[in-house]
Amino acid sequence: MEVIGISGLRFSYGEGFSVRADSLSVGEGEVLTLLGPNGSGKTTVLKCINALLKTSTGRISICGRDISSYTRSTLSKVVGYVPQSHTPTFPFTVFDVVLMGRVSHLGLFQQPSRSDRLKAEEALKTVGISRLGDRIYTKISGGERQLVLIARAIAQEPKLLLLDEPTAHLDFKNQITTLSTIKRLSKEKGLAVMMSLHDPNHALLYSDLIALMRNGEILICGPPEDVVNDKTIEEIYNLPVDVVDHAGRQFILPRVEN
Ligand SMILES: Nc1ncnc2c1ncn2[C@@H]1O[C@H](COP(=O)(O)OP(=O)(O)O)[C@@H](O)[C@H]1O
Ligand SMILES: [Mg+2]
């Protein structure tokens, strides 16, 4: 079943940059990756879907309802958003930051229940950071914070998870464990995921669909093997690459000429 559908979307920052997405659809248990150079419009698309930016034309439908029919609080029950960067303000514990993921499910003045606390604990465990629970959020590393925000979004139990460069601050291993966790959760919970990534190989390994972006446009969207190859990657990044077969899979390597 479709969780997010986009048609004829247009957004423009005034006179400057504009984004167009004619048709995108992500169903339950599917992972769609936006892949494209810096400044190609990935964050802008994700912000439009989370209603942080208001589109001028087009339609965004989430769980069968037009985005304009949601309030901020009803939207946050179904859409989890992990931004590209996050500046911490108050010195909450990591556990409390993750527990905040439950806020959209609470009534006004209602305190988190035991079940909410269990869901926060479970989310920390899923992301592999239970040991950080008592640490102060403002005093952990950027990569650890990234994992905390992913745990918070998981605790929220959304239908659609938007992740903007979820691997940006993560080490070599955490990039892989985080992406495989996202993919596993998507399959287990029927979660629709839309994320932006920089590494074509990560996109190949962890996506059901890839949308290639350049200059605010989605050039092509489809299954990884139809979208990512030496020609398309060379074209969008303007960089020569080689395709290498390894263990029955294709990988993209930059061509090293010196
Ligand atoms: N608030 C803003 N006002 C005007 N232009 C913006 C704003 N935010 C981003 N842009 C421009 O929109 C373009 C796309 O940005 P973005 O969506 O962040 O790209 P990406 O996430 O792919 O790197 C960039 O050229 C950027 O300068
Ligand atoms: Mg971005």
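How are helices α5 and α6 oriented relative to each other? They are roughly parallel to each other, a label used for angles under 35 degrees. The model is predicted, with local features requiring pLDDT of at least 70 and side-chain atom pairs pLDDT 80 or more, while totals for chains, interfaces and linings use all residues. Residues are numbered from 1 along each chain as its sequence is written, and chains are lettered from A and ligands numbered from 1 in the order in which they are written.

**Helix packing**
- Helix α5 (residues 142-155) packs with helix α6 (residues 172-189) at an angle of about 5 degrees, their axes lying 12 Å apart; helices are DSSP runs (H or I) of at least four residues and strands are runs (E) of at least two.
- In this contact (C-beta atoms, placed from the backbone, within 7 Å), G143, L147, I150 and I154 of α5 meet N174, T178 and L185 of α6.
- By class, the contact of α5 with α6 has four nonpolar, three polar and no charged residues, with Gly counted as polar.

**Strand β3**
- Five of the five residues of β3 (residues 31-35) are buried, so the strand is largely enclosed by the rest of the structure; buried means that 20 or more other C-beta atoms lie within 10 Å of a residue's own.
- V31, T33 and L35 cover one side of β3, and L32 and L34 the other.
- Five bridges join β3 to the parallel strand β8 (residues 192-197), where S196 is the bridge partner of L34.
- Four bridges join β3 to β9 (residues 209-214), also running parallel, and T33 stands opposite I210 there.

Definitions and conventions: Axes are lines fitted to C-alpha atoms, for helices over the stretch in contact, and angles run from 0 to 180 degrees between N-to-C directions. Angles under 35 degrees count as roughly parallel, over 145 as roughly antiparallel, 65 to 115 as roughly perpendicular and the rest as oblique. Two residues are in contact if their C-beta atoms, placed from the backbone, lie within 7 Å. A residue is buried if 20 or more other C-beta atoms lie within 10 Å of its own, exposed if 12 or fewer, and partly exposed in between; C-beta atoms are placed from the backbone. Two strands pair if DSSP finds at least two bridges between them.
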